[in-house]
Amino acid sequence: MIQVSCYNCGSRDRAPYATENGCNLVKCASCGLLYVNPRPSDEEIEEGVKLGAHTGERTLHSTGRYTVTKVAMYHKILRDIYGTELQNREQTWLDVGCGHGELLAALQEVSRNKVAVRGIEPNRLKIDAARKRGLDVDYFDLGFHDALYDSISLLNVYSHLTNPREFLRLVKQRLSPKGELLLETGDTASLPANLHPRPFLLPDHLSFCSEQILTNMLKETDFEIISVNKYPPLKLRFMKERILREVVKLALPHKRSQIPMMYSWFRVAKYRTDTWIRARVVTSVGSADKASRLSASEETRNGFSSAR
Ligand SMILES: [Zn+2]
C-alpha cells in the first residue's frame with residue numbers, strides 16, 4: 001500500500017470519511033473527492049484487475065456474469081442520450097473496461113449494427129465470456145495503441161483510475177477529430193458518509209467524484225460537455241427479477257443476499273447519483289498537446305477494471 005495525494009487536485013489536506021475491508025476512504029479538504037489512502041500499488045492494482053480479485057482484509061471478487069437486464073437498461077439510456085442518432089451514421093466505438101460486453105450488445109441493437117463496436121477488458125474471464133458471444137473484446141494498453149475511434153465509452157471505470165486526468169488525456173488521443181466520450185460514474189462525493197451507497201467495494205474502487213469535479217476535469221482536458229443525464233443508482237424496472245432472487249437468498253443459509261446493498265441504493269435513489277456525461281473533443285492536436293501525449297503515453301497505464 002502506498003500513501004497518495006488527492007487523485008484530482010493533488011492536495012494532501014483530507015479528513016477520514018469511512019473504512020471498509022481494511023481500507024481508508026478519505027475526503028479531500030480542497031476539492032471534495034473521496035479517495036482511498038493509502039492505496040494498493042500500481043502492480044497490485046494491475047494484477048487485481050486482470051484476475052478480477054482485489055485483496056483487502058478479504059479478497060473481493062469482481063468478475064460477475066453477463067446480465068441481460070443490463071443490456072436492456074443500457075438500451076434505454078442510449079436512446080435517452082442519443083435519440084436515433086446512432087442509427088443514422090456508421091462509426092467506430094471503443095468501450096474501455098467493457099466487462100462481459102453488455103454495452104457493446106446494446107450499441108449493436110440501438111444502432112442496428114451501424115456502430116462497429118470493440119471492447120477492452122483486463123479481466124481474463126470476462127474477455128473469454130464476451131468472445132463466446134461473438135464480441136470483439138481484447139486487452140491492450142491504450143498508451144501503445146494507434147487506432148482512432150469516433151466514440152469511446154468509460155462506464156464504471158472512473159472509480160478504478162489512479163490518475164483520472166492523465167487517463168482522460170490518453171482517451172482523448174485515441175479519439176478522431178470531434179470524437180466523443182461517454183462516461184458513466186456515480187455522483188456521490190457530496191453525500192454524507194451515512195447516506196453513501198454501500199459497499200464501497202474498496203480497494204477495487206479507488207475514488208468517488210461529483211458531477212462538478214468530473215465536468216471541470218473534462219473541460220480542463222479539452223472536452224466540451226454535450227449532455228449530462230442522471231438516474232437513480234437502482235433502476236427498479238430493470239431490477240425486479242434480481243430483487244426477487246436476492247429476497248429468496250435471504251431465506252437460504254448458505255447464500256449471501258445482496259439485499260442490504262440494494263437497500264443502501266434505495267435510500268439514495270432520490271439523489272439520482274448515476275451520472276452519464278456525453279462530451280466532445282474541442283481542440284486540434286497542437287504542440288502543447290503533443291507534450292502531454294508523450295507524458296501520458298510514458299506515465300499512464302490502463303489501470304482500470306470494471307464491475308460490469
Ligand atoms: Zn482534491
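The structure is a predicted model, with a mean pLDDT of 85 for the chain. Ten helices and 13 strands are present in the chain, and 53% of its 308 residues count as buried.

**Confidence**
- A pLDDT of 70 or more is reached by 84% of the residues.
- Residues 287-303 form a stretch in which pLDDT stays under 50. For this stretch, the model has 29 contacts beyond four places in sequence.

**Chain as a whole**
- Among contacts with a separation of 6 or more, 74% join residues 24 or more positions apart.

**Glu 20: position and burial**
- Strand β1, which covers residues 14-20, includes Glu 20.
- Glu 20 counts as buried because its relative accessibility is 16%, and the cut-off for burial is under 20%.

- Leaving aside residues up to four places away in sequence, Glu 20 touches Pro 199, Phe 200, Leu 201 and Leu 202.
- Glu 20 and Pro 199 lie 179 residues apart along the chain, yet their C-alpha atoms are separated by 7.9 Å.
- The backbone nitrogen of Phe 200 is reached by the side chain of Glu 20 at 2.7 Å.
- A polar atom of the Glu 20 side chain also lies 2.8 Å from the backbone nitrogen of Leu 201.

Notes:
Residues numbered from 1 in each chain as written. Predicted model: local features only at pLDDT ≥ 70, side-chain atom pairs only at ≥ 80, totals over all residues. Heavy atoms only, no water. pLDDT = per-residue confidence, 0-100. Contact = heavy atoms within 4.5 Å. Helix = DSSP H or I, 4+ residues; strand = E, 2+ residues; numbered from the N terminus. Buried < 20%, exposed > 50% of the residue type's maximum accessible area, 1.4 Å probe, protein only. Polar contact = N/O pair within 3.5 Å; in protein donor to acceptor, adjacent residues only side chain to side chain.
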